[in-house]
Amino acid sequence: MSGRTVVEVINASVRFNMANQQVNNLKEYVIKLVRKELMFQEFFALQNISLKVRQGEAWGIIGTNGSGKSTLLKLICGILKPYQGTVSIDGSIAPLIELGAGFDGELTARENILLNGTLMGYSEEFMREHFEEIIDFAQLWDFLDMPIKNYSSGMAARLGFSVATMVQPDILICDEVLSVGDFKFQEKCEERMMQMLETGTTLLYVSHQRKSVEKLCDHALWIEKGRMVMSGEAVPVCEAYTKQ
């Protein structure tokens, strides 16, 4: 595909510091820090990752648990900053990274939709115009006035996906949140993502389901222990990953 580059990650690394010893409370932490007794061990969640995504492409990010897939998506969303390397984004992003992210657990679904829309930069009038569309897709009419904290993980995922895809973003980022939904809703979400791809949205998609990745994605990136193992067309990369 010859579209413009919308995501470019060049030799990016993400480093975290892990304490070498257990610290039981804040007072103990401060004392050890002042005395310079608090030792840290460097941990690289990602090392020298490079990725170039063009407009309209769909990339599956695969790998075992703890391989760095979610860290890469957080890097692209701007939640994390690279320790080394660069990340460049050209376009609006709709991130679906963590269940309930952007929702206030004490507020109802009705209130959260308006709040989430405001955080996304939309007016209250715009959100009210699309309100029924959001609830219809999420199938949550019976739970509109229930606090989000009482929602199941599947219900929260349905609402989050519905709000995020209400309008068409340049880049949709989806991190395994659909795996908690029922099979029919997963199919419904896949259909909406395919429609968005057909009209130019770029997709970055993390999933452990090979069939889903191959159905939605034309490219794939395989990461293990923070390092890139293989990158290219989705089917060969998925085949190599499942044969390991």
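**Exercise 1. Find where Ala109 sits in this predicted model, and say whether it is buried or exposed.**

Solution. 
- Step 1: Look up the element. Ala109 belongs to helix H3, which covers residues 109-119.
- Step 2: Check the accessibility. Ala109 has a relative accessibility of 0%, so it counts as buried.
- Step 3: Look at the surroundings. Neighbours within four places in sequence aside, Ala109 touches Phe143, Leu144, Met146, Ile148, Tyr151 and Leu159.
- Step 4: Compare sequence with space. Ala109 and Ile135 stand 26 residues apart in sequence, and their C-alpha atoms are 9.2 Å apart.

**Exercise 2. Describe the chain as a whole: how many helices and strands does it have, and what percentage of its residues count as buried?**

Solution. 
- Step 1: Count the elements. There are nine helices and nine strands in the chain.
- Step 2: Turn to burial. The chain has 244 residues, and 42% of them count as buried.
- Step 3: Ask how far along the sequence contacts reach. Taking contacts between residues at least 6 apart in sequence, 69% join residues at least 24 apart.

**Exercise 3. Work out which residues of helix H7 are buried and which are exposed.**

Solution. 
- Step 1: Start with the length. H7 has 16 residues and spans 23 Å from its first C-alpha to its last, close to the expected 22 Å.
- Step 2: List the buried residues. They are Phe185, Gln186, Cys189, Glu190, Arg192, Met193, Met196 and Leu197.
- Step 3: See how they are arranged. The buried residues of H7 fall within an arc of 165 degrees when seen down the axis, so they line one face of the helix.
- Step 4: Turn to the other side of H7. There, Phe183, Lys184, Gln195 and Glu198 are exposed.
- Step 5: Find the cover. The elements over the buried residues of H7 include strand S3, helices H5, H6 and H8, and strands S6 and S7.
- Step 6: Follow the chain onward. Just after H7 comes Gly200, with a positive phi of about 105 degrees.

**Exercise 4. Which residues are in contact with Ile62, leaving aside its neighbours within four places in sequence?**

Solution. 
- Step 1: Ile62 is part of strand S3, and with a relative accessibility of 3% it counts as buried.
- Step 2: List the partners. Beyond those sequence neighbours, Ile62 is in contact with Lys69, Ser207, Val213, Leu221, Trp222, Ile223, Val237, Cys238 and Tyr241.
- Step 3: Take one partner more closely. Ile223 is 161 residues from Ile62 in sequence, yet the two C-alpha atoms are 6.3 Å apart.
- Step 4: Move to helix H9 (residues 234-243). Its buried residues are Ala234, Val237, Cys238 and Tyr241. They cover an arc of only 95 degrees around the axis, which puts them on the same side of H9.
- Step 5: See what they pack against. The buried residues of H9 meet strands S3, S8 and S9 and helix H8.

**Exercise 5. Where does Asn48 lie, and where does Gln139 lie?**

Solution. 
- Step 1: Asn48 lies in strand S2 (residues 40-54). Its phi is positive, near 50 degrees, though Asn48 is a residue other than glycine.
- Step 2: Gln139 lies in the loop between H5 and H6. Gln139 is not a glycine either, and its phi is positive at about 55 degrees.
- Step 3: Asn48 is partly exposed, with a relative accessible area of 44%, and Gln139 is partly exposed at 44%.

Terms used: Residues are numbered from 1 along each chain as its sequence is written. This is a predicted model: local features need pLDDT of at least 70, side-chain atom pairs count only at pLDDT 80 or more; totals for chains, interfaces and linings use all residues. Side-chain values use heavy atoms; hydrogens and water are left out. Buried means under 20% relative accessible area, exposed over 50%, partly exposed in between (1.4 Å probe, protein chains only). Helices (H or I, at least four residues) and strands (E, at least two) are DSSP runs, numbered from the N terminus. The arc is that of the directions from the helix axis to the C-beta atoms. Contact means heavy atoms within 4.5 Å. The expected span of a helix is 1.5 Å times one less than its number of residues.
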